[in-house]
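Open the model in your viewer and keep the selection tool at hand. The stops below go from the whole chain to single residues.

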Amino acid sequence: MSLEALSGRFQGRQTQFHIELLYGLLFVVGFGYLVFRVDPRVAAFEGGLVVGYLLRIWEKMSIYERILEERISQEAERQVESEVEDQVADEVTTQVESEVATRVEDRVDEEVATELEAQVDEEVTTQVESEVATQVEDRVDERVEREVEEAIEAEIGDLDEQIDERVTEQLDDDEESRPDDSSA
């Protein structure tokens, strides 16, 4: 608390003290005068003091009541606010946790399904291509080998026939060109 605020607060209390002291002194003097002399003007003045004092008390009570109501409402607001924060925080936390869990689970399921499908497609494609390439290569190799062997065998067979024919021709030619041993 600053010095000016403390000074202002102290000033207010001094003023209240002076007002209370003035009412008290006037009331005592007026009451003392009424005891020794009965004068209607002093009685009216004394009645005015009493009414003024009662109004002063009423004013104080209304001020204290207003201050008390403000403090009570502030405290009630603070308590309600803290309870609402606690309750809302718990509810929000629970709801957020469940909502996040649900959304994360859904998202993970979607992502896993998409990723799994992509990986399966990729692996199946890779394996099928690999398997097809291997089988095609093996079959082509086997077929080419068979065809080459058949072609070689056919060529060899043709060559054998040609060689046999040539050898036979050559032998026939040699026999014909050779002088006859029997005639000599």
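Predicted model: local features only at pLDDT ≥ 70, side-chain atom pairs only at ≥ 80, totals over all residues.

Residues are numbered from 1 along each chain as its sequence is written, and side-chain values use heavy atoms, with hydrogens and water left out.

**Whole chain**

The secondary structure comes to 2 helices and 0 strands. Helices (H or I, at least four residues) and strands (E, at least two) are DSSP runs, numbered from the N terminus. Helix H2 spans residues 40-177.

Accessible areas come from the Shrake-Rupley method with a 1.4 Å probe; for residues, only the protein chains shown count as cover. Of the 184 residues in the chain, 4% are buried. Buried means under 20% relative accessible area, exposed over 50%, and partly exposed in between (1.4 Å probe, protein chains only).

Select Arg-56, which is in helix H2. Is Arg-56 buried or exposed? Arg-56 counts as buried because its relative accessibility is 15%.

A salt bridge is a side-chain nitrogen of Lys or Arg within 4 Å of a carboxyl oxygen of Asp or Glu. Side chains of opposite charge can pair when their charged atoms come close. Glu-59 and Arg-56 both lie in helix H2, 3 residues apart, about one turn of the helix. Glu-59 is partly exposed, at 38% relative accessible area.

**Further salt bridges**

How many salt bridges does the structure hold? There are 4 salt bridges. Move along helix H2 to Arg-78 and Glu-75, which lie 3 residues apart, about one turn of the helix. They form a salt bridge with the closest N and O atoms 2.3 Å apart. Arg-78 is partly exposed at 48%, and Glu-75 is partly exposed at 33%.

Then select Glu-99 and Arg-103, whose side chains meet in a salt bridge (2.9 Å, N to O). Both lie in helix H2, 4 residues apart. Glu-99 counts as partly exposed at 37% relative accessibility, whereas Arg-103 is exposed at 57%.

**The negative patch**

Finally, select Glu-155, which is in helix H2. Glu-155 counts as partly exposed because its relative accessibility is 48%. Glu-155 belongs to a negative surface patch whose residues include Asp-158, Asp-160, Glu-161, Asp-172 and Glu-176. Patches are made of residues with over 30% relative accessible area and no salt bridge: like charges are joined within 9 Å, nonpolar side chains (Val, Leu, Ile, Met, Phe, Trp, Tyr) within 5 Å. Asp and Glu count as negative, Lys and Arg as positive; His and the chain ends are not counted.

Key
Charge placed at Lys NZ, Arg CZ, Asp CG, Glu CD.
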